Amino acid sequence: MSSTTGTTTVITNIASLATNDPSLGDGSPLGLIQDAAVVIEGDRIAWTGDSRKAPATDNRVDAGGRAVIPGFVDSHSHLVFAGDRTQEFNARMSGRGYTAGGIRTTVAATRAASDEDLERNLTHYLHEALRQGTTTFETKSGYGLTVEDEARALRIAAAHTDEVTYLGAHIVSPDYADDPAAYVALVTGEMLDACAPYARWIDVFCEKGAFDGDQARAILTAGKAKGLHPRVHANQLSYGPGVQLAVELDAASADHCTHLTDADVEALANGRTVATLLPGAEFSTRAEWPDARRLLDAGVTVALSTDCNPGSSFTSSVPFCIALAVRDMGMTPDEALWSATAGGAAALRRTDIGRLTVGARADLALLDAPSHVHLAYRPGVPLVTGVWRRGAREV
């Protein structure tokens, strides 16, 4: 094999390789190849197949009869923040319910933090996620809620990922509590102008206590006019217009999707919008679980993500979310893995990640287990023992 575009490495003696290409291996959506090898050339996948047929390479890694999967694509997180909400969580676990208002606590801490503190916090959680197999992540603003604080959050995030989302419409800023219309005007005007250069996406929390359907449409439409593509926090705490709005505006994803009508499910099935499920939020708030089975059976594309944030889902572990999805949301282990990899890629409208096929980015994780099923079978166990990102081993 030519190495003109970079050093070549073969990972061989793989018990089970999940490619997410149904034309390979067992023909399932995961495209599982048994007794497999994968060749990395530079930052890309150059070959996959039977380990006995692997081409010669510069370097060789023996997987030791363990499983290899695509790196996780965490398509929904809120990692630019300061402080935590331990006391709120403790109170909630002692009987008080969750509402959207707790975000204000994080807003105050984030505004008071220095750029250095925010970046240090961000990189801490990114490294934590990487050790658990996450190789691509999306993250949002939303804890500044001023022009300056939203823009700096996105500037800091953009130094670490291409998947940056402007979420000035997380909640109505406490500064505008008596004039929500003025805050919507700020979010769609001066704040959008300051934030758009750093972001790819625009998001809105369409929910009682946050933004209604008309406000959400105005915000997302303004973002689209600035070249940002929509995502929507939709139907998390109650039934509402979020999912229908997401499909109407061709949003890449409708996130949470806990409270859905039949019409919502049908709209998702007939559109391009991915339903991103965030079981960490239900776990951490003792809320009703999303019904993944209902969505999958209707033909909806489903993603799984962590929603890592200090208030309602303070986990960076995709394996943990996979275990929850299998145990409590009706997903099979195969579906959960696909949704956390290829599904996350679909929620970011990416085809270069979330799969291990020729030409895809060489983002993959080695599990200390013979099969990906162990991610749900052995919940809470740190099974990720190696991570390659862009072809370089980082764990």
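Predicted model: local features only at pLDDT ≥ 70, side-chain atom pairs only at ≥ 80, totals over all residues.
## A cavity and its lining

The residues that line the second largest cavity divide into 6 nonpolar, 4 polar and 1 charged. Rolling a probe the size of a water molecule over the atoms shows where empty space is left.

Which residues line the second largest cavity? They are D74, S77, L79, Y125, L126, A129, T134, F137, T306, C308 and S316. Helix α3 (115-131) and strand β6 (134-137) each supply at least two residues of this lining, and the largest share, 3 residues, comes from α3.

One of the lining residues, T306, is found in the loop between β13 (302-304) and α12 (318-328). Because its relative accessibility is 0%, T306 counts as buried, the cut-off for that word being under 20%. The side chain of T306 reaches the backbone nitrogen of C308 at 3.1 Å, and C308 is itself among the residues that line the second largest cavity.

Most residues other than glycine have a negative phi.

Where do the buried residues of helix α5 lie around its axis? In this helix, which covers residues 180-188, Y183, V184, L186 and V187 are buried. Seen down the axis of α5, these buried residues fall within an arc of 160°, so they line one face of the helix. An α-helix has 3.6 residues a turn, so residues three or four places apart point the same way. The elements that cover the buried residues of α5 include α4 (147-158), β8 (164-169), α6 (190-195) and α7 (213-225).

Helix α9, made of residues 262-270, has D264, V265, A267 and L268 as buried residues. Viewed down the axis of α9, they fall within an arc of 160°, and therefore they line one face of the helix. On the other side of α9, D262, E266 and N270 are exposed. Among the elements covering the buried residues of α9 are α8 (242-248), β11 (253-256), β12 (274-277) and α11 (292-297).

## H256 in strand β11

Strand β11, which is among the elements that cover the buried residues of α9, contains H256. With 1% relative accessibility, H256 counts as buried, and its phi is near 100°, a positive value in a residue other than glycine.

## A360, a buried residue in a loop

A360 has its place in the loop between α14 (342-347) and β14 (364-367). Is A360 buried or exposed? A360 is buried, since its relative accessible area is 4%, and buried means under 20%.

Leaving aside its neighbours within four places in sequence, A360 is in contact with D43, R44, I45, D352 and R355. The C-alpha atoms of A360 and R390 are separated by 9.6 Å, although these two residues are 30 residues apart along the chain.

Methods: Residues numbered from 1 in each chain as written. Heavy atoms only, no water. 1 Å grid on protein atoms, 1.4 Å probe; cavity = no way out; pocket = protein on both sides within 12 Å on 5 of 7 lines; lining within 4 Å. Helix = DSSP H or I, 4+ residues; strand = E, 2+ residues; numbered from the N terminus. Nonpolar A, V, L, I, M, F, W, Y, C, P; charged D, E, K, R; others polar. Buried < 20%, exposed > 50% of the residue type's maximum accessible area, 1.4 Å probe, protein only. Arc of directions from axis to C-beta. Contact = heavy atoms within 4.5 Å. Polar contact = N/O pair within 3.5 Å; in protein donor to acceptor, adjacent residues only side chain to side chain.
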